[in-house]
Amino acid sequence: MVRVCIVIQGGTLVTVVPERRLALLGGGFSTDDDGLLDDWVFGQVTVPRPKVCFIPTASGDAPAYVEKFFEACRSRSCEPSVLQLFRRELDDDELRTFLLSQDVVYVGGGNTANMLAVWRAHGVDQLLREVFDRGTLLCGISAGANCWAEGSHTDSFGPLTHLSDGLSLLSGSVCPHYDSEPGRRSSYQAAVASRALPAGWAVEDGVGALFANGRLTDCVTRTPGALLYRVEPDTDSGVSEQALPCRLLARTHQINERASTGEGPGDTRRVPFASRTLA
């Protein structure tokens with residue numbers, strides 16, 4: 001079932017527009033054993049058995065990754081499928097029909113740059129734009145989060161660097177693993193401060209962020225204290241980093257563990273990137 005936005009002017013129905021939604025995941029079946037983030041993202045689709053397509057291109061369609069996806073879906077009420085492009089079996093029309101039939105497209109982690117190149121060779125980039133415009137929920141972890149933005153922070157080329165490339169379905173840039181990989185935080189902040197990347201979203205492991213029509217509408221976490229950050233350049237060749245509140249999954253209160261230290265939700269700090277130490 002496609003969620004829609006109904007536009008009414010002067011009491012008259014003008015148009016019905018599918019809601020364009022995507023989710024950035026800092027975890028999921030490939031890294032977590034509790035299934036909380038996957039349950040949350042699948043729960044955004046209001047059909048009894050959503051069709052969920054996993055795209056493992058960034059891993060080179062790794063068989064173990066595909067099997068782990070199917071294993072995670074066995075205990076869920078969904079219809080799982082996988083789109084493999086390194087041994088593609090569908091022609092162009094079949095591929096389009098297949099993707100348009102999905103309720104959720106779930107993109108796995110791996111090499112962001114290689115994934116985008118393969119998608120473009122097969123026309124998948126254009127198909128994903130089409131399914132997004134029609135209301136299919138797009139989501140993914142790591143490279144599968146990077147791909148939706150205008151640019152991203154990546155280790156696709158070995159050392160951490162910026163990638164001024166993406167599908168541009170989400171304005172700005174994305175940085176995954178913001179808290180868990182050495183150098184991520186300082187390197188991403190340097191890229192934003194220098195305008196090599198536009199302002200964007202830094203996702204700590206354990207966090208899920210949902211966007212509807214380009215606007216952040218929900219932020220959750222399976223990990224107490226994990227946060228989503230909005231990172232923007234400031235006028236002093238540094239960055240401002242705003243920690244945003246996240247709902248702790250399976251609990252009723254919002255995260256506030258960092259509030260007393262000045263790192264809590266809603267706190268904004270100007271950070272000259274040259275003075276930051278590695279994460």
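Is Tyr178 buried or exposed, going by its relative accessibility? In this predicted model, Tyr178 comes out as buried, because its relative accessibility is 0%, and buried means under 20%. Its partner is Tyr188: the two rings form an edge-to-face aromatic pair, with 6.2 Å from centre to centre and 90 degrees between the planes. Tyr178 sits in the loop between β10 (170-175) and α7 (184-193), while Tyr188 belongs to helix α7 itself, so the pair ties together parts that are 10 residues apart in sequence. Tyr188 is tucked away too, counting as buried at 0% relative accessibility.

Searching the whole structure turns up 13 aromatic pairs. Another of them joins Phe54 and Tyr106, again edge-to-face, with ring centres 6.2 Å apart and planes at 75 degrees. Here the link is between distant parts of the chain: Phe54 is in strand β4 (residues 51-55) and Tyr106 in strand β6 (residues 104-107), 52 residues apart. Phe54 has a relative accessible area of 0%, so it is buried; Tyr106, with a value of 1%, is buried as well.

Arg185 lies over the face of Tyr229, 4.9 Å from the ring centre. For Trp201, the residue over the ring face is Arg230, and the distance to the ring centre is 4.7 Å.

Note on methods
Residues are numbered from 1 along each chain as its sequence is written. This is a predicted model: local features need pLDDT of at least 70, side-chain atom pairs count only at pLDDT 80 or more; totals for chains, interfaces and linings use all residues. Side-chain values use heavy atoms; hydrogens and water are left out. Rings of Phe, Tyr and Trp (its six-membered ring) pair if their centres lie within 6.5 Å; planes under 30 degrees apart count as stacked, over 60 as edge-to-face and the rest as tilted. Helices (H or I, at least four residues) and strands (E, at least two) are DSSP runs, numbered from the N terminus. Buried means under 20% relative accessible area, exposed over 50%, partly exposed in between (1.4 Å probe, protein chains only). A charge sits over a ring if NZ of Lys or CZ of Arg is within 6 Å of the ring centre and within 35 degrees of the ring normal.
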